[in-house]
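Student: I have just opened this one and would like a walk through it. Could we start with the ligand and then work outwards?

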Amino acid sequence: MTDTGWQQQLRQIRTEALAALDAIRQRAGMAVTSAPERETPTPPGQQVPGHAPAADGDRALDEWRVAYLGKKSALSQVLRQMGGLPPEERPRVGALVNEVRAELEQAYETVRRELHEQALARRLAEETIDVTLPGRSHARGAIHPLLRVIAEVEEIFLGMGYEIAEGNEVETDEYNFEMLNIPKDHPARDMQDTFYLSEELLLRTHTSAMQIRTMERMRPHAPVKVIAPGRVYRRDEDDATHSHAFMQIEGLYVDEGVRMSDLKGTLEAFARALFGPDQTVRLRPSFFPFTEPSAEVDVRCIHCGGSGCRVCKETGWIEILGAGMVHPKVLDGVGYDSRRFSGFAFGVGVERIAMLKYGIDDIRAFYQNDLRLLRQFARAL
Ligand code: PHE
């Protein structure tokens with residue numbers, strides 16, 4: 001092969017390689033850097049419609065490198081054929097091949113960098129946050145009125161040094177009845193007939209089981225001061241004032257020397273914090289197997305202030321809880337010696353409080369999830 005033959009072959013390789021590189025750039029949507037020997041260069045700045053994704057450009061570039069700079073490339077082939085040249089010609093041809101290779105390598109590097117920068121620029125542009133877009137609004141929830149009452153009552157008793165405990169809704173016969181001095185044949189069970197899961201397991205009929213559970217946990221520590229809110233169940237027909245599932249808040253205070261006057265003072269402070277500073281409470285004698293003496297506790301009617309109205313059935317008082325001094329049998333049963341310790345307990349009806357506070361006249365409203373009712377509590381926050 002003649003000298004010009006080599007040169008021509010190398011020039012051809014170079015032209016072809018640069019054109020292929022340009023095609024890659026062009027496909028990626030970049031302006032063409034018209035290689036000197038290109039026949040019909042695309043005018044600078046002109047973009048080819050429909051950019052290839054960046055990954056395509058990378059792959060094409062890899063293939064290009066293999067094809068034009070790899071071991072099987074035309075350029076490598078020329079080098080391999082150099083053995084057939086007269087020794088004095090080899091350096092010149094070798095230098096020429098290296099020159100072309102260096103140029104191609106540099107061109108390759110340039111395009112690789114360009115592709116990289118382009119991909120970066122594209123990502124930056126795509127990921128720009130448009131602050132003028134309207135925001136996505138979230139549906140605003142509200143705290144359920146029953147949970148609001150519980151939170152408020154908890155707050156009041158936390159302020160008096162009580163801890164909060166939560167029990168389980170599935171309770172044993174033992175804790176729900178037996179240890180609260182309600183044996184199997186006791187008529188008080190009928191009043192609290194409930195849903196049995198087995199002979200021994202049931203849905204708790206009151207939160208009073210938490211008296212037992214808390215004392216067992218704390219024993220022999222004193223004082224025991226706890227508030228235990230939660231759902232309870234009874235086999236009642238649902239109507240405006242009854243629900244088969246409802247909420248209670250149990251309170252328990254056990255220590256040496258706790259007296260009935262402590263109970264009354266505590267409930268008075270509670271009623272004032274909840275309904276206003278002018279409130280008073282009234283204790284009426286009652287019966288619970290686990291307290292002795294026992295009382296039903298009323299507050300002055302919130303609607304009429306005590307003068308008598310429809311809400312308080314003209315009595316001027318409204319019952320909000322049951323309470324009493326913890327029965328000695330209950331104390332001894334869980335290991336608090338009743339000769340040394342005494343205590344009081346009470347159980348607040350949460351629905352009753354919420355109905356009074358928010359003027360709701362049907363207990364079922366709490367469980368029907370009517371958004372018109374619930375939304376009012378979103379505003380009242
Ligand atoms: N557990 C009783 C009820 O459900 C209320 C109560 C609690 C009474 C604590 C006295 C002491 O009616």
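Student: Which residues are around the ligand?

Tutor: This is a predicted model, and in it the residues around the ligand are His206, Ser208, Phe288, Thr291, Gly322, Ala323, Gly324, Ala345, Phe346 and Gly347. The elements that give two or more residues to this shell are strand S8, which covers 317-326, and strand S9.

Student: And how many of the shell are nonpolar, polar or charged, by class?

Tutor: By class, the shell around the ligand has six polar residues and four nonpolar ones, with no charged residues.

Student: You mentioned strands, so what is the strand order in the open sheet?

Tutor: The open sheet has seven strands in the order S1-S4-S5-S9-S8-S7-S6, and the pairing is mixed. Strand S1 (163-164) and S6 stand at the edges with a single partner strand each, so one side of each is left without a neighbour in the sheet.

Student: Okay, what about S5, how many of its residues are buried?

Tutor: Eight of the eleven residues of S5, which spans residues 245-255, are buried, so this strand is largely enclosed by the rest of the structure.

Student: Which strands does S5 have bridges with?

Tutor: Strand S4 (residues 224-233) is joined to S5 by ten bridges, and the two run antiparallel; in this pair, valine 226 stands opposite leucine 252 in S5. Eight bridges join S5 to S9 (residues 342-349), again antiparallel, and here isoleucine 249 stands opposite valine 348 in S9.

Student: Going over to S6, how is it joined to S7?

Tutor: A hairpin joins S6 to S7 through two residues. Seven bridges also join S6 (residues 281-288) to S7 (residues 291-300), and these strands run antiparallel; serine 286, for example, has serine 294 in S7 as its bridge partner.

Student: Changing topic: which residues have the most contacts inside the largest nonpolar core?

Tutor: That core has 57 residues, and those with the most contacts inside it are Val254, Leu267, Ala323, Phe344, Val348 and Val350. S8 gives the most to this core, with six residues. Apart from it lies another core, of 15 residues, among them Ile24, Leu75, Leu104 and Ala107.

Student: What does leucine 267 touch, leaving out residues up to four places away in sequence?

Tutor: On that basis, leucine 267 touches Val281, Val297, Ala323 and Phe346.

Student: Zooming out, which domains does the assignment give?

Tutor: The domain assignment gives domain 1 (3-126) and domain 2 (145-379), and the C-alpha centres of domain 1 and domain 2 lie 86 Å apart.

Student: One last thing: is arginine 372 buried or exposed?

Tutor: Arginine 372, whose place is in helix H12 (residues 371-379), has 7 other C-beta atoms within 10 Å, and because 12 or fewer counts as exposed, arginine 372 is exposed. Between arginine 372 and proline 87 there are 99 Å in space, C-alpha to C-alpha, and the two are 285 residues apart in sequence.

Notes
Residues numbered from 1 in each chain as written. Predicted model: local features only at pLDDT ≥ 70, side-chain atom pairs only at ≥ 80, totals over all residues. Buried ≥ 20, exposed ≤ 12 C-beta atoms within 10 Å, placed from the backbone. Helix = DSSP H or I, 4+ residues; strand = E, 2+ residues; numbered from the N terminus. Pairing = 2+ DSSP bridges. Near = placed C-beta within 6 Å. Nonpolar A, V, L, I, M, F, W, Y, C, P; charged D, E, K, R; others polar. Domains from an automatic or database assignment. Core = buried A, V, L, I, M, F, W, Y, C linked by C-beta atoms within 7 Å. Contact = placed C-beta atoms within 7 Å.
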